[in-house]
Amino acid sequence: LPEVEDIYPGGKIPDLNMKIPHLMKNLCATTRPGHFEGVLLVIANLFHTVEPDIAFFGLKDYQQFLIIKEFARSTGFRMQVVGVETIREIDGLAMSSRNARLSKEDRQTAVLIPRAFELAKEYISNGGRDIAKLLEIISEGILRSSKMKIDYIEILNATDLSSLERLQGEVVIAVAIFCGEVRLIDNIRLTVK
């Protein structure tokens, strides 16, 4: 594994500010300012050094996947960026290293996230198309426990993370939730007709 000095000349991280504005205007980009700029710096160095043919990124962090895919395309890296579906625990919670930081009680509470997604799917499959109502259903499902705190819940176009006027087409429902002190992110993607 390389040392910092091997990646950054003199061991000094460059003062670069890379952005992909249309993908960095909502979700984690607003609640964690500077996060994706740092991701892009690391990814640029990684791709430049390794020169991969294919890079795999988990879809649990869907925004990061789209940003990296667009970064590789727009900067001319000749590689394929492939999204890997989220692996879930038996109870539906997305697998994450952060789950190990949850207390036993918080781990049981965290299943409110996948349950809220099930409520959202049920609402949509029953013909519901009101975005405000859908946000309310998801929020109420997650806030059934006082241990849960919403960082964000957003329903966006899954292709470019733009806002939706109507609930139709390729849609991503993305959440960032604090369960106790641990911030968990998750999403589901749906085709709504």
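The structure is a predicted model, in which local features need pLDDT of at least 70, side-chain atom pairs count only at pLDDT 80 or more, and totals for chains, interfaces and linings use all residues. Residues are numbered from 1 along each chain as its sequence is written, and side-chain values use heavy atoms, leaving out hydrogens and water.

**Aromatic pairs**

- Rings of Phe, Tyr and Trp (its six-membered ring) pair if their centres lie within 6.5 Å, with planes under 30 degrees apart called stacked, over 60 edge-to-face and the rest tilted.
- By this rule there are four aromatic pairs.
- Phe47 and Phe77 make an edge-to-face pair, because their ring centres are 5.5 Å apart and their planes stand at 75°.
- Phe47 sits in helix α3 (residues 35-50) and Phe77 in the loop between α4 (62-74) and β2 (80-84), so this pair ties together parts 30 residues apart in sequence.
- Helices (H or I, at least four residues) and strands (E, at least two) are DSSP runs, numbered from the N terminus.
- Phe71 and Phe77 form a tilted pair, at 6.0 Å centre to centre and 40° between the planes.
- Ring pairs join Phe47, Phe57, Phe71 and Phe77 into a cluster.

**Burial**

- Buried means under 20% relative accessible area, exposed over 50%, and partly exposed in between (1.4 Å probe, protein chains only).
- Phe47 is buried at 2% relative accessibility and Phe71 is buried at 6%, whereas Phe77 is partly exposed at 24%.
- The buried residues of α3 include Phe36, Val39, Leu40, Ile43 and Phe47.
- Among the elements covering the buried residues of α3 are α1 (4-7), α2 (28-31), β1 (54-58) and α4.

- After α3 comes Glu51, with a positive phi near 50°.
- α3 and α4 pack at about 50° with axes 11 Å apart; axes are lines fitted to C-alpha atoms, for helices over the stretch in contact, and angles run from 0 to 180 degrees between N-to-C directions.

Technical notes. Contact = heavy atoms within 4.5 Å.
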